[in-house]
Amino acid sequence: MSTASLPNRHPIGPHSDGEMVKPDTAGPAHPQPVVSSRPTDVAMRPRESSQSLSQTSSRQGEAQPPLSESSGSSTPPAPDSHQEGAPRLDLQAGAGSSHEARESGADDEAESCSSSESDEAFAEVLNRVKEVLRLDAQPQAPLSPRASPLTSLDLQGIAHYISSGRARNIVCMCGAGISVSAGIPDFRTPGTGLYHRLAEYDLPYPQAIFEIDFFRRNPMPFYTLARELYPGTFHPTPTHHFLKLLAERGLLLRCYTQNIDSLEVAAGLPPDLVIPAHGNFDSASCVACGRSYDPAYVREALFGQADGSVAIPRCSSKGCKGLVKPDIVMFGEDLPARFWSSLADDFAAADLLIVMGTSLVVQPFASLIDRVGEGVPRLLINRELVGEGDAALRAVGWRKGFEFPPRPAAWRDVAQLGDCDAGVGALADLLGFTEDLQAAVGRGRGRQAGYRGPAPAETCLTAGGAAG
């Protein structure tokens, strides 16, 4: 996820490849356990509420603000054996436990016999479990082979599928990677990712800057970073303009983005086609009383001080004085209502899923790849493979996650590895969109020069679209 995407709900950032977690009222086909965004020394602690952001990666070596994602899997996360209080499965500890739980038992022959039989049965079950869960275990036969909807499991196959008219309701899922070429850092790339650049803020750990509880105690780090990431500084990338071309041709049903940079709308994508899963800077509200504020109120606090300093915007409601922040989803906050109300219908209607620039480690965003229909092709454009199903779970019939070639079960998933701009450029070329894409990028740079961030709340969507 890039700083533009919010943490799992990556809290804020230009693009967070992180996302927040809230139970899907429509009922996700395979609900994921909710995990708090506050990491322990090794892993994230489980959160009681399922309506908060979740992220599946540990704090070590990964940053997951609401901005970006690096790599992940769509298989259900197992309890972390390092996590305090988490249940542990020790396959070596069960067989003798019944003996350890009682004394010699020599004076009770019936109990001893029953225990012996029970232990033998339990040992047999454990042996079977060990066989099934061996990490190197492979299915003895391919999982019910199916006819592929694609002529080939590569970018040419995807292009042919689109050109043939079979893709009329494309759903795109975007993370921070689509905004990196705009100059917005993602969250987790070693050395350049946002989480690796936060030492100057003197945080207990990088993700704290996007946690709502930490923000209430110490808001200045967030506001300082928000000024750096504020819309109006960055230009849409070729990937953003490719999304606009899909919309102009009537092919794009919806774009679900983890990014908070609003570059989709700045590129000219109609706001009704964009669902910012982690929020953005286009609206603001008080975290104490919920009162809505014009985003210009926050902008003035960040940029309007005569001495160039950052002021903390406070609620002006009588007796409140709460903090006013952009409606960027932080760890510990709910995702926008529109995200939950739209995803069931959108993913049921999708006839092609394109996933770009995300690590698929933040829930519930990461699990969306499995919400499209069984026969719907899925294209990943990313620097690395992410979201693949787990080998051990595949052995027992679990079919969640991507299945890319050369896996035997691959039949509808395609991976185009590399930068997002290069990937969409190759697809545009196969579709005959190259000239239009180049022209859109050129026009967009000229229009973006006059873009000054979100407009007042009542006109921000229309103005944002015009700016693109």
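**View 1. The buried residues of helix H3 pack against strands E7 (170-174), E13 (352-356), E15 (378-382) and E16 (413-417) and against helix H11 (420-431).** Packing here is contact, meaning heavy atoms within 4.5 Å. Helix H3 covers residues 155-163, and its buried residues are Leu155, Gly157, Ile158, Ala159, Tyr161 and Ile162. Buried means under 20% relative accessible area with a 1.4 Å probe, protein chains only. After H3 comes Gly165, with a positive phi near 90°. Helices (H or I, at least four residues) and strands (E, at least two) are DSSP runs, numbered from the N terminus.

This is a predicted model, in which local features need pLDDT of at least 70 and side-chain atom pairs count only at pLDDT 80 or more, while totals for chains, interfaces and linings use all residues. Residues are numbered from 1 along each chain as its sequence is written, and side-chain values use heavy atoms, with hydrogens and water left out.

**View 2. Three strands form an open antiparallel sheet in the order E11-E10-E12.** Its edge strands, E11 (292-293) and E12 (324-328), each pair on one side only. Two strands pair if DSSP finds at least two bridges between them. Four bridges join E10 to E12; look for Ser285, whose bridge partner in E12 is Lys325.

**View 3. His278 sits in the loop between strand E9 (274-276) and strand E10 (279-286).** His278 counts as buried because its relative accessibility is 0%. A polar atom of the His278 side chain lies 3.3 Å from the backbone oxygen of Gln258.

Definitions and conventions: Buried < 20%, exposed > 50% of the residue type's maximum accessible area, 1.4 Å probe, protein only. Polar contact = N/O pair within 3.5 Å; in protein donor to acceptor, adjacent residues only side chain to side chain.
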